[in-house]
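Let's take a walk through this protein together, one stop at a time. Have the structure open and follow along.

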Amino acid sequence: MKSFVTYSLFFISFLSFGQNISPETLLDKAIAYHDPNGNWNTFNETFNVEMTTPESAKRTSIISINLPTEYFSVTATKDTVTTTYTLNKRKCTMSYNGKVLDSSAAKQKNMTCDRATLYKNYYSYLYGLPMKLKDAGTNLNDTVEKKTFKGKDYLVLKVTYDEAVGSDVWYFYFNPKTYAMEIYQFFKTDENGKEKPDSGEYILLSQETLLNGIKIPKVRAWYYNKADKYLGTDTLVEE
């Protein structure tokens, strides 16, 4: 009887995991988990992130994102160097070890406003997931995949982007019970738009903290898809 009950529970669990769910519904459920009160559009927070990588000094970043006022700033310190990039609407300012730089001095330090925009887009994207998957130019695959990654089952959403947005192919792994986002992964593409299997990275997400009422992964461990080579870990440090 015990073995029959165990088998039955397993079978029911398997059926439940295999139930069809649309990409749009999966995304809505994931957003409901991470941002139940719809706070992303009014996100206004400053937070600290520590990045550790093999054989390299730790980098500490203070990041400010204020979506309503279109303000972004990142101050990063590594070894004895501190750089700051700030975008206040369309106004860009940069500083090096506390000294504000003009365009000529910034160029000498290999700092540009294009890089400031890149950082803004990068941090807003990663810390705005999965809500950012509602942005224009984001294309959800027609079906949700069921995958097992490192021995754990996931519902997986494949995402591509309009050419003007980006060429990488992304996969987002969601817990099939809670719909929490636990992994994301991307691959580069060739000239025909096909994925390069040995390219790109995957990021394991663990722990959670609240920022602006949003459940955000606290720890992100980065690996190359090729050979599972470890790249580094960024950790959101709570004060």
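Start with K132, which is buried because its relative accessible area is 19%, and the cut-off for buried is under 20%. Keep in mind that you're looking at a predicted model. To find K132, go to the loop that runs between α4 (113-127) and β7 (138-140). Who does K132 touch there? Skipping residues up to four places away in sequence, its contacts are W40, S124, Y125 and T138. Look at W40 in that list: W40 and K132 are 92 residues apart in sequence, yet their C-alpha atoms are 9.0 Å apart in space.

Now for another loop residue. T80 sits in the loop between β3 (71-78) and β4 (81-88). Is T80 buried or exposed? T80 counts as exposed because its relative accessible area is 69%, and exposed means over 50%. If you hop from T80 to N97, you cover 17 residues along the chain, while the distance between their C-alpha atoms is 8.4 Å.

Next, head for the inside. In soluble globular proteins, nonpolar side chains tend to be buried together. Here, the largest nonpolar core has 46 residues, and the members that touch the most other members are F47, L133, F172 and Y184. Helix α4 gives the most to this core, with five residues.

Last stop: the cysteines. A disulfide is a covalent bond between the sulfur atoms of two cysteines. How many disulfides does this model have? The count is one, and it joins C92 to C113, with 2.2 Å from S to S. The link between C92 and C113 is left-handed, with -100° about the S-S bond. C92 lies in strand β5 (residues 91-96) and C113 in helix α4, so the pair ties together parts that are 21 residues apart in sequence. As for how open these two cysteines are, C92 is partly exposed because its relative accessibility is 21%, and C113 is partly exposed as well, at a relative accessible area of 32%.

Notes:
Residues are numbered from 1 along each chain as its sequence is written. This is a predicted model: local features need pLDDT of at least 70, side-chain atom pairs count only at pLDDT 80 or more; totals for chains, interfaces and linings use all residues. Side-chain values use heavy atoms; hydrogens and water are left out. Helices (H or I, at least four residues) and strands (E, at least two) are DSSP runs, numbered from the N terminus. Buried means under 20% relative accessible area, exposed over 50%, partly exposed in between (1.4 Å probe, protein chains only). Contact means heavy atoms within 4.5 Å. A nonpolar core is a set of buried Ala, Val, Leu, Ile, Met, Phe, Trp, Tyr and Cys residues joined through side-chain atoms within 4.5 Å. A disulfide is a pair of cysteine sulfur atoms within 2.5 Å.
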